[in-house]
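Here is a short walk through one protein chain. Keep the sequence and the 3D view side by side as you read.

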Amino acid sequence: MQKSTASTAFEPGGALDEWDELTPAELARMLPRVGERRWSQRIPALYPVAVRYHRARRRIEWMRSSTPYARDGQAIDLPVRVKRHKSLLLRQLGETEMWMQHNKVTNLKLACEQVDGVLIKPGETFSFNKLVGNATRRKGYLKGMRLSNGQAKPGIGGGICQLANLLHWMVLHSPLTVTQRSNHSFDPFPDNGRVLPWGVGCSIVYNYVDLQFRNDTDQTFQLRVGVGDRYLEGEILAERSTSSSYRVFARGERFLRAGAEYFRRNEIWRTVIDRRTGAAIGDELIKENVAVVKYVPTGVNVIDVDLRQYPPAS
């Protein structure tokens, strides 16, 4: 691999220690073995069949599950704000047609109605899919941009993953425990106005690709979300102050090129801080992300990788 200094955007922790070596996650993404690829990846026509299978399997899991899911909500705010965040509704994403983003706003309003005010009591688990449900035309959802099976294309309910992204980012700044979260397997657009680190987003596919987080504390939390004039807005509220605050950041960011394909890699970390003293308690690795890049990276250094030096896929 040709050594190069990678971009350090969103990277207060510095670059990787070993730039000459691919990580196991990078190798797995860049040299996927045939036996590890899903049938729907090998034969795209099987994708709808796979979706129906996974949906049926998740319904059975829900019926058999003893997990207490958050369902109750209230209009009155809990007194303490744990985290607030907002994200821009309309962004210029490559050559994406803006009509899909305007439709996304409608979809987000409908999804927010199902989540806003929900209480997550001690021991309960929040499930995005259980609360929002299936985004269908009958419910008023429109065609927005969906990232599905390696492609960005119009689809009913497209764009509601922005709400999941917002929730996940806020939860990382709280004592709530993320139990299910799947990120997109590809990076579709350049960082045009990106505020959060790449790699903290969520993929949502009803009903089997979910965002779930559990309340392992002894107090109740509340989610408030809504669509404003320019932003998707959210808050996590609590009954009383938490003992810790959190700083979430990315490190080890780099772009790789193998033949005609580009890949992106980083790590998402969280620093836990004692709210009383301001001292850092420790750092936690949240996730290592590796994804196929669907655009030609510009303005960043790219590391060329010669995959011939690695064992061939089998």
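How many of the residues of α6 are buried? The count is 10 of 11, so helix α6 is mostly covered. Buried means under 20% relative accessible area, exposed means over 50%, and partly exposed is in between, with a 1.4 Å probe and protein chains only. The buried residues of α6 include Leu163, Leu166, Leu167, Trp169 and Met170. Cys161, Gln162, Ala164, His168 and Val171 are also among them.

A word on the source. This is a predicted model, in which local features need pLDDT of at least 70, side-chain atom pairs count only at pLDDT 80 or more, and totals for chains, interfaces and linings use all residues. Residues are numbered from 1 along each chain as its sequence is written, and side-chain values use heavy atoms, with hydrogens and water left out.

Now the whole chain. It has six helices and 14 strands. Both are DSSP runs numbered from the N terminus: helices are H or I with at least four residues, strands are E with at least two. Of the 314 residues, 47% count as buried. The chain exposes about 16100 Å², and carbon and sulfur atoms supply 49% of that area. Accessible areas come from the Shrake-Rupley method with a 1.4 Å probe; for residues, only the protein chains shown count as cover. Contacts tell another part of the story. A contact means heavy atoms within 4.5 Å. Among contacts between residues at least 6 apart in sequence, 72% join residues at least 24 apart.

Return to α6, which spans residues 161-171. Which helix packs on it, and at what angle? Two packed helices are described by the angle between their axes and the distance between the axes. The partner is α4: the angle is about 50°, and the axes are 9 Å apart. That makes α4 oblique to α6. Axes are lines fitted to C-alpha atoms, for helices over the stretch in contact, and angles run from 0 to 180 degrees between N-to-C directions. Angles under 35 degrees count as roughly parallel, over 145 as roughly antiparallel, 65 to 115 as roughly perpendicular and the rest as oblique. On the α4 side, Lys104, Leu108, Ala111, Cys112 and Val115 take part. They meet Gln162, Leu163 and Leu167 of α6. The residues of this contact divide into six nonpolar, one polar and one charged. Here Ala, Val, Leu, Ile, Met, Phe, Trp, Tyr, Cys and Pro count as nonpolar, Asp, Glu, Lys and Arg as charged, and the others, Gly among them, as polar.

Next come the charged pairs. A salt bridge is a side-chain nitrogen of Lys or Arg within 4 Å of a carboxyl oxygen of Asp or Glu. By this rule the count comes to 19 salt bridges. One of them joins Arg224 and Asp116, with the closest N and O atoms 2.8 Å apart. Arg224 lies in strand β9 (residues 221-227), and Asp116 in the loop between α4 (98-115) and β2 (119-120), so the pair ties together parts that are 108 residues apart in sequence. Arg224 is buried at 19% relative accessible area. Asp116 is partly exposed at 32%.

Other pairs follow. Asp216 and Arg214 meet in a salt bridge of 2.6 Å, N to O. Asp216 is partly exposed at 46%, and Arg214 is partly exposed at 31%. Asp306 pairs with Arg308, the closest N and O atoms being 2.9 Å apart. Here Asp306 is partly exposed at 32%, whereas Arg308 is exposed at 75%. Asp187, Asp191, Arg194, Glu253 and Arg264 are linked in a network of salt bridges.

Two single residues are worth a visit. Phe263 sits in strand β12 (residues 261-274). Is Phe263 buried or exposed? Phe263 is buried, at 2% relative accessible area. Not counting residues up to four places away in sequence, Phe263 touches Arg29, Met30, Arg254, Phe255, Leu256, Ala258, Ala291, Val292 and Val293. Its C-alpha atom is 8.5 Å from that of Glu26, 237 residues apart along the chain.

Arg230 lies in the loop between β9 and β10 (231-238). Arg230 is exposed, at 51%. Leaving aside neighbours within four places in sequence, Arg230 contacts Ser87, Leu88 and Leu89.

Last, look at the backbone. A cis peptide bond joins Tyr206 and Asn207, with omega about 0°. Asn207 is in the loop between β7 (186-187) and β8 (212-214).
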